[in-house]
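Visitor: I have a structure open and would like to talk it through. Could you show it here first?

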Amino acid sequence: QVQLVESGGGLVQAGGSLRLSCAASGRTFSRYAMGWFRQASGKERELVAAITWSGGSTYYADSVKGRFTISTVNTKNTVYLQMNSLKPEDTAVYYCAARRIGSAWSTPDYWGQGTQVTVSA
């Protein structure tokens, strides 16, 4: 059974930092790309960062460039999202997702359950 389990969300003041973790299990993910999405209340889910397990390819949404860093620890099958200089507009439920290399992020193969991030002004 494939599982993506997120952790690390919480409440932080603007300007603060959080690190989200996503532990992947249940299959080999070497041919998958991993991503972090977020969904704020009343808004559509958006891809904020993505990475391949080799780390050779990364993507960041313009809204988080320079503040968020996505990384992997292959030996732990874990993906991290380091979030610095957080803003109230970063408040959302953050989801980990996986898609096969060559497919689109519009239809990921697997989703985590989500973790809430709240940034207070």
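Predicted model: local features only at pLDDT ≥ 70, side-chain atom pairs only at ≥ 80, totals over all residues.

Visitor: Thanks. Where is C22 placed?

Guide: C22 belongs to strand 3, residues 18-25. Strands (E, at least two residues) are DSSP runs, numbered from the N terminus.

Visitor: Is C22 buried or exposed?

Guide: C22 is buried, as its relative accessible area is 0%. Buried means under 20% relative accessible area, exposed over 50%, and partly exposed in between, with a 1.4 Å probe and protein chains only.

Visitor: And how far apart are C22 and C96?

Guide: From C-alpha to C-alpha they are 6.3 Å apart in space, although 74 residues separate C22 and C96 in sequence. Beyond its neighbours within four places in sequence, C22 is in contact (heavy atoms within 4.5 Å) with several residues, including M34, W36 and C96.

Visitor: Next topic: which residues touch the most other members of the largest nonpolar core?

Guide: They are M34, W36, L81, M83 and Y94, in a core of 29 residues. A nonpolar core is a set of buried Ala, Val, Leu, Ile, Met, Phe, Trp, Tyr and Cys residues joined through side-chain atoms within 4.5 Å. Strands that each supply at least two residues of this core include strand 3, strand 4 (32-39) and strand 9 (92-100). Another core, of seven residues, lies apart from it, with F37 and L47 among them.

Visitor: How many residues of strand 4 are buried?

Guide: Seven of the eight residues in strand 4 are buried.

Visitor: What joins strand 4 to strand 9?

Guide: Eight bridges join these two strands, which run antiparallel; strands pair if DSSP finds at least two bridges between them. In this pairing R38 stands opposite Y94. Strand 4 is also joined to strand 5 by six bridges, again antiparallel, and there W36 stands opposite A49.

Visitor: Last one: where is R67?

Guide: R67 sits in the loop between strand 6 (58-60) and strand 7 (68-73). At 10% relative accessibility, R67 counts as buried. A polar atom of the R67 side chain lies 2.9 Å from the backbone oxygen of S63.

Methods
Residues numbered from 1 in each chain as written. Heavy atoms only, no water. Helix = DSSP H or I, 4+ residues; strand = E, 2+ residues; numbered from the N terminus. Polar contact = N/O pair within 3.5 Å; in protein donor to acceptor, adjacent residues only side chain to side chain.
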